[in-house]
Amino acid sequence: MSIQFSRIHWRSAGLSAALIVLIGCAVSPQQEQQIGAENAKMVETQIGVERSHPLADYVSQVGQRLVAQLDQPEFTYHFAILDDPTPNAFALPGGYIFISRGLLAIMNSEDELAGVLAHEIIHVSEHHSIKQMRSSILPSLVELPGNIVGGVVSEDLGALINTPISAGNSLISAKYSRTHESESDSLGIALAAKAGYQPSAMADILKRMNDVVELELEQEIEKSYFDSHPYTPERVAAIQKQVPEISVTSSAPVQPSMLNQLDGLLYGPNPAKGVFKQQVFLHPDLDFTIDFPAQWHTMNQPQVVAAANKQQTALIGMTMADPQFTAADHAAKFQGMLQQRYGYDAQIDTHKYAWGGQSYSVSLPTEVKGVASTIQQQWLSYGEHVYQMFGYAPNTQLDLVDSTMKSFAPLTDKARSSITSLHIKTVSPNGSAAALMKQSSPAVKPEMLLILNGVTNQEALSQLPQVKILEEKVWQKPQ
Ligand SMILES: [Zn+2]
């Protein structure tokens, strides 16, 4: 759950209206640009982009240098850093290119950055992105009882819960065809070489991304570059085969050291979006914690934080409600809707929290997978926001929904100081590899540190002129 999400219009989850109309039709460059712009805005609100870090300017400069080598570009190109810890990059139609901070973190040269950006530029210039969108579908995460999706709790909420994890947009989770991939690799490295970059760097970064995926497989990768860009060793082989045929235009890089540019970059999850510590969700920027039931599967998405039991017969989620209305108003509106639409007389229960807040909740009977269950909705004002909590559970487990809702509390100073973030720190090694490893946060495996630096053993690490290590800091709310 990120701080921006109160500004999201719920109905924007999923495909944009313009896109739905255009699926299956011929699309003009103007329409492509419009579709890209609308969806880029959604990506920005739902996932977030990094604008303040100096790296944002740098990525744009490298991108524009590549664009300058295109013959008669049809679009104006935009480059942005996505607030996503997994290595990822994608292009939306009309010239909107995103690269994740997780992918930047594993880069070691401007040539690698240029290789990835050039690949994405080709997806746009060859109109792959618009073609790929037509075959995309919205995946779903949890099965919701029919009456939740259909009406009682609202379709919007259903769409929200089933928004793809960490993507928020079906466009970036669809696969390109093998033909489009090879074409982007081949034309991409040629474009990079024309702009003065080593084409073989694309093969290096592809291999490194694969190393990250392999190392983290056991840690449950939610989404990686390879979801939209299927990796095959053949891709690397094809690039390596093409490299000797390409002549590279000689020119100095935009910045002499990629590693200096990466210094300070956030690595791993962004605490500004809230963090889970076991079953406790802590949100340092919104100043609250909430405790979800033991053993339930938790998820933290841009617009919702939620947990479901293993059988998927119970779910609790929390989102932000429209701040124009008070918590009491929201409950009354819901009560009125139930009466008007279903002739159901619900009562509003209030609960006074020990810390002073007051919630308003409405419950109603339902059936989930043939079991008598209850839906509970609650609204609570806290800080500048109104939080909407919703849940359903078999009647025998309803106390879990209720106790979760009642566990909402302001974040204590102690809990706040337990929230940390990792940042890349660029250092010049002056000692052994072991000393370097010790300098880096133990939160990141030594194997990952090697991959980050593009080496395979500790000896090679200590011989690099500059090394990326990771520094752990107590999370500070951005000013
Ligand atoms: Zn691709």
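Student: What joins E6 to E7, and in what sense do they run?

Tutor: In this predicted model, E6 and E7 run antiparallel and are joined by three bridges. Pairing requires at least two bridges, so the three found between E6 and E7 make them a pair. Within the pair, Val275 stands opposite Leu282 in E7.

Student: How many bridges does the pair of E7 and E8 have?

Tutor: Strand E7 (residues 280-283) and strand E8 (residues 288-291) pair in the antiparallel sense over four bridges. The cut-off is at least two bridges, so E7 and E8 count as paired. His283 stands opposite Phe288 in E8, and Val280 is opposite Asp291 in E8. These two strands also form a hairpin, with four residues between them, and Asp287 in its turn has a positive phi of about 60°.

Student: Why do E6 and E16 stand at the edges of their sheet?

Tutor: The sheet is open, has four strands in the order E6-E7-E8-E16, and its pairing is antiparallel. Strand E6 (275-277) and strand E16 (409-410) each have a single partner strand, so each is left with one side that has no neighbour in the sheet.

Student: What makes E9 and E12 edge strands?

Tutor: They belong to an open sheet of seven strands with antiparallel pairing, in the order E9-E10-E11-E15-E14-E13-E12. Strand E9 (297-300) and strand E12 (348-352) each pair on one side only. Neighbouring strands in this sheet are turned against each other by 20° on average, with direction ignored. One of its pairs is strand E13 (residues 358-368) with strand E14 (residues 371-382), antiparallel over ten bridges. Thr366 stands opposite Ser373 in E14.

Student: Which strands does H14 lie across, and which does H15 lie across?

Tutor: Helix H14 (residues 327-342) lies across E12, E13, E14 and strand E15 (385-394), at about 30° to E13. Helix H15 (residues 398-406) lies across strand E11 (315-320), E12, E14 and E15, at about 165° to E15. Angles run from 0 to 180 degrees between N-to-C directions, so a value of about 165° can occur for H15 and E15.

Student: What describes the packing of H9 and H12?

Tutor: Two packed helices are described by the angle between their axes and the distance between the axes. For helix H9 (residues 178-194) and helix H12 (residues 233-242), the angle is about 30° and the axes are 10 Å apart. The crossing of H9 past H12 is right-handed. Arg178, Glu181, Asp185, Ser186 and Ile189 in H9 meet Glu234, Arg235, Ile239 and Gln242 in H12. The residues of this contact divide into two nonpolar, two polar and five charged.

Student: Why does Arg65 count as partly exposed?

Tutor: Arg65 has 24% relative accessibility. Buried means under 20% and exposed means over 50%, so Arg65, at 24%, falls in between. Arg65 lies in helix H3 (residues 55-67). Leaving aside residues up to four places away in sequence, Arg65 touches Ala195, Tyr197, Ser251, Ala252, Pro253 and Val254. Arg65 and Gly196 are 131 residues apart in sequence, and their C-alpha atoms are 9.3 Å apart.

Student: What share of the protein's residues count as buried?

Tutor: Of its 479 residues, 54% do.

Notes. Residues numbered from 1 in each chain as written. Predicted model: local features only at pLDDT ≥ 70, side-chain atom pairs only at ≥ 80, totals over all residues. Heavy atoms only, no water. Left-handed = near helix turned anticlockwise from the far one by under 90°. Contact = heavy atoms within 4.5 Å. Nonpolar A, V, L, I, M, F, W, Y, C, P; charged D, E, K, R; others polar. Buried < 20%, exposed > 50% of the residue type's maximum accessible area, 1.4 Å probe, protein only.
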